[in-house]
Structures are given as structure tokens and as C-alpha cells.
Number of protein chains: 2
Amino acid sequence: MAMEIERKFRVVSDAWRAQVNRSLAMRQGYLAGEGGKASVRVRLEGEDAKLNIKAAVVGAARAEYEYDIPAAQAREMLDNLCIGRLEKTRHYIEIDGLTWEVDEFINDNAGLVVAEIELDSIDQPFERPAWLGRELTEDRRYYNHHLALHPWRTWPDEDRH
Amino acid sequence: MAMEIERKFRVVSDAWRAQVNRSLAMRQGYLAGEGGKASVRVRLEGEDAKLNIKAAVVGAARAEYEYDIPAAQAREMLDNLCIGRLEKTRHYIEIDGLTWEVDEFINDNAGLVVAEIELDSIDQPFERPAWLGRELTEDRRYYNHHLALHPWRTWPDEDRH
């Protein structure tokens, strides 16, 4: 089974911007509500489009399946069939041989910036950049699926820390 | 957009069995509950596997997207990520240049047999075989998605007509 092992963190300063290698605009939506055993995501990444299925378990290791699909079909699904959508710019940053993905959300999730790192094992050590804040890996509220259905800007002030 | 135009009927006798051209065992499951704008289906058809996304509207014409996926991945998703499953044998019958698909359900839906015909337009005429019963096209309860989550054998007797 394809497993994705990923840890996620808040980002606490803009210092990461100087380290960006490349950036990609992403628009994504979900074909399933919360409550199932999987999320089903449609994503436009620049000119590419992907259909992604990920186990709806909380934590760093999640079964994941991903398929390339025609961008025109992804646009139709985003416009007509998705029940939650979000837009973000993904910035890629290479540090110490590993790739950080810094997601800068826009529109209803504007103000939120998170950083993810994909690992080979859950306990793999990695260098923590100075701009890294608290870990969100176990916090389901910061799943993109949840953010698409419950945008960050609609959260109570005290939860947006 | 890919549109599927399909009409569905109950089957009222076994007379269709003499007309079968070929049959295929199918096992399918759903990655999303009801209530969204789309159903997301994983299906094993013999040795092939497909991921299918269909608009959750009632009626004969529904937007549909289908992708081939590796059978091993489909099996994993069926075992681990689907929230409703069903098994059936699909029998193909050619009549008057059109293909009828007669679905003979097994396990929790055993006893139910339905026939579907795919058309080029909603009002396309077609020959009605003698074994065709009442039309189910507008009856959401007979959607495979619904049957997977609410098997026919669990329905009240008076609804299983």
C-alpha cells in the first residue's frame, strides 16, 4: 500500500520567503464530505490535474492513492461536483536534502501559512527551520479537507493560533 | 462534459438468461457517503479496476468520469476505505443493436435483478424485452450507491416490489 508519511507545522514568520525554490498555484476541492473513511480530492496544480484519495485517519502516516486526470475534467468537477474548495500557493523549499512545502492559503483561508515535510519514516530526524511553529500533524482541523469545508477565517479568534 | 444517459428497470422473469452474450463478476464500493454532489465508486470488473465519479442527481442523464486504476489498489480501497460495498454479476445482452446490462445482485442484495440500457439521448426509442418490469430511472433507492449502504434485503417487505 502507498503510505504517505508527513508532518505539518504552523509557520511563524516570513523568513521562509527568502528560501523558496519554486512556487505553484493550486486550486482543489473535495468530492466527499467528512465522516467517511477517505477524502477524495480534485486538484489543479498549474497545468496539471490530479485525483487523490487519502485515508481519513489522524496522524503522520496515511494511505494515499493519486492519479493524473485531464485538467478540463478537473475544472468541471471543481465547478460542479465538489462540496468544499480552497486555493493556495505552494512554495517548495529544499533544506538539508529534504523538501518543505509551505502552503500559503488565499481567499477564505487567507492569513494561514503551514509547512509540511514528507518523511520516509515517522521518526526520521530533520532540521527545524527557525520559521517553524507548533506541530499540526495530529490536528484534524488543519487538514485541507476541513479547511475547504470550514475556512480558517470563519473559525473563532481563539482557535486561530 | 461526459454525460451518461441511462434508463433502469426491474426484471420480472428469468427469460433474459437465454439471451446473455457474456457475464462479468463485479465488486464495488463507495468512497463517499450519500449527501454530497457526487458518488465516488471503486470497482473490480473481472481483472480490471476503475474509479468512477458520477453526479448525484436523480434521473437518466448524469455527468460521469471514469479512470482505469491498478486492480491491487482497487482491492486495498475496497477493503480499507469504502463505506459501502456490493457484489453482482453483470450480464450483457444485445437486442436490436443496443446493449442491455442485467445486474444480478448477490449477498445482501440477493434477489434483486435490474436491467440498464445506455442511450444517446433521453428520448431515444428502444425495444422493450418481455422480461422488463417497471422503470427505476427516477428512483434513487435503486442507485447502486444506495444499495451498497442500504442493502435490498434490509428494506421493508412492502418496498421490495
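Guide: Chain A averages a pLDDT of 94, and 99% of its residues score at least 70; pLDDT is the predictor's own confidence in each residue, on a scale from 0 to 100. This is a predicted model, so to speak of local features we need pLDDT of at least 70, and side-chain atom pairs count only at 80 or more, while totals for chains, interfaces and linings use all residues. Residues are numbered from 1 along each chain as its sequence is written, and chains are lettered from A and ligands numbered from 1 in the order in which they are written. Within chain A, the mean confidence is lowest in S5(A), at 92, and highest in strand S7 (residues 98-105), at 98. For the complex, the predictor gives an ipTM of 0.86 and a pTM of 0.88.

First, the background: chain A has 2 helices and 9 strands, in the order β-β-β-β-β-α-β-β-β-β-α along the sequence. Helices (H or I, at least four residues) and strands (E, at least two) are DSSP runs, numbered from the N terminus. A UniProt annotation from an unreviewed entry, "domain: CYTH", covers residues 2-149 of chain A; UniProt positions are given in the numbering used here, feature names are shortened, and annotations may be inferred rather than shown by experiment. Over that stretch the chain is 11% helix and 49% strand.

Now the contact itself. 22 residues of chain A are in contact with 22 residues of chain B, counting two residues as in contact if their C-beta atoms, placed from the backbone, lie within 7 Å. Strand S3 (38-45), strand S4 (48-55), S5 and helix H1 (71-80) of chain A each supply at least two residues of this side. H1(A) gives the most, with 4 residues. By class, the side has 15 nonpolar, 5 polar and 2 charged residues. Here Ala, Val, Leu, Ile, Met, Phe, Trp, Tyr, Cys and Pro count as nonpolar, Asp, Glu, Lys and Arg as charged, and the others, Gly among them, as polar.

How do the two copies relate? A rotation of 180 degrees with 0.0 Å of shift along its axis superposes chain A on chain B, at an RMSD of 0.0 Å, which is the relation of a two-fold axis. Of the residues of chain A, A:Ala32 comes closest to the rotation axis, at 2.5 Å (C-alpha).

One of the contributors, S5(A), also ties back into its own chain. Strand S1 (residues 3-11) of chain A and S5 (residues 61-68) pair in the antiparallel sense over 3 bridges, where pairing takes at least two bridges found by DSSP. In S5(A), A:Ala61 is the bridge partner of A:Ile5. S1(A) also pairs with strand S8 (residues 113-118) of chain A, antiparallel, over 5 bridges; there A:Val114 is the bridge partner of A:Arg10.

Terms used: Least-squares fit on C-alpha atoms with pLDDT ≥ 70 in both.
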